[in-house]
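Hello,

Here is the structure we talked about. My notes follow below it.

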Amino acid sequence: MERGRVGLRSRDLGELLDALEVASEETRAELMQLARESKQHGWWNRYGQTITGPYASFISFEHEATALLCYETIVVNGLLQTEAYARALNDRATSVQASEDADRQIQIKLNRQQRLTGENPPELWVILDEAVLRRPFGGPSVMRDQLLHLATAADKMPHVSLQVLPHRQAIFPGMIASFTLMEFPAPDTSIVFSEGLTGAVHGEAEEAARCTIIFNELRAAALSKRDSIELLRHSARAID
């Protein structure tokens with residue numbers, strides 16, 4: 001149970017609470033409810049062969065987070081990618097994958113995006129380096145639609161904020177690596193994920209605190225939300 005390989009049965013939990021002398025009925029009821037919920041499989045479980053290791057952890061945490069603070073230096077954040085952009089990106093970045101596995105990766109990304117339109121969506125705040133807007137994937141029409149999709153999401157979805165970090169900004173520590181900072185209801189429970197060639201890695205406590213400071217600096221240095229939306233639309237119109 002400690003290693004997360006098996007669930008916690010209600011009977012076992014009751015015995016543990018007795019042994020630990022937990023007398024509060026409210027606390028016991030909350031823990032029992034958590035134990036029942038832990039037996040419910042997330043949608044990602046049906047992609048067990050594709051979602052493994054750190055990526056599985058990332059998706060499960062993302063599903064529970066109340067706020068997602070994302071800084072992207074290379075590509076559009078996965079929660080805001082159009083299907084065509086995601087497919088073009090997948091084709092370029094993972095050309096050695098079998099087509100069936102590539103299709104699963106796309107479907108997983110689309111499933112992740114459903115949180116933004118479901119009940120109690122998380123607050124999503126994305127900062128894109130301006131280079132992301134200039135790096136084409138899938139040709140002019142795909143990139144144009146992607147930029148307009150970003151502008152629409154930022155303009156029409158109240159829980160989505162988007163800023164562009166312009167090229168004119170001087171580089172400072174933290175600007176060279178993409179990361180996602182996840183926040184949860186309980187205080188001091190933020191975690192941070194970063195992706196690399198060897199897969200996603202995550203840190204907690206001190207690393208999350210450091211990335212919070214960096215994200216706030218990036219937020220201050222980036223264009224305003226309104227100016228960012230205007231830049232996205234202007235960039236879409238300028239694509240030949």
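N77 sits in the loop between β1 (67-72) and α4 (83-93). Helices (H or I, at least four residues) and strands (E, at least two) are DSSP runs, numbered from the N terminus. This is a predicted model: local features need pLDDT of at least 70, side-chain atom pairs count only at pLDDT 80 or more, and totals for chains, interfaces and linings use all residues. Residues are numbered from 1 along each chain as its sequence is written, and side-chain values use heavy atoms, with hydrogens and water left out.

Back to N77. Its relative accessible area is 5%, so N77 is buried. (Buried means under 20% relative accessible area, exposed over 50%, partly exposed in between; 1.4 Å probe, protein chains only.) The N77 side chain makes a polar contact with the side chain of E72, at 2.8 Å. (That is a pair of N or O atoms within 3.5 Å; within protein, one must be able to donate a hydrogen and the other to accept it, and residues adjacent in sequence count only if both atoms are side-chain atoms.) Neighbours within four places in sequence aside, N77 is in contact (heavy atoms within 4.5 Å) with C70, E72, V126, L128 and T180.

Next, helix α9 (residues 225-238). Its 14 residues should span 20 Å at 1.5 Å a residue, and the end C-alpha atoms are 20 Å apart, which agrees. (The expected span is 1.5 Å times one less than the number of residues.) Buried in α9 are S228, I229, L231, L232, S235 and A236. They cover an arc of only 160° around the axis, so they lie on the same side of α9. (The arc is that of the directions from the helix axis to the C-beta atoms.) These buried residues pack against α6 (130-134), α7 and β3 (160-165). The face turned away from them carries exposed R237 and A238.

Helix α7 (residues 140-156) has 17 residues and reaches 24 Å from first C-alpha to last. Its buried residues include V142, M143, L147 and L150.

Now the salt bridges (a side-chain nitrogen of Lys or Arg within 4 Å of a carboxyl oxygen of Asp or Glu). The whole structure has eight. One joins D155 and R233, with the closest N and O atoms 3.3 Å apart. D155 lies in α7 and R233 in α9, so this pair ties together parts 78 residues apart in sequence. D155 is partly exposed at 27% relative accessibility, and R233 is partly exposed at 29%.

Best wishes
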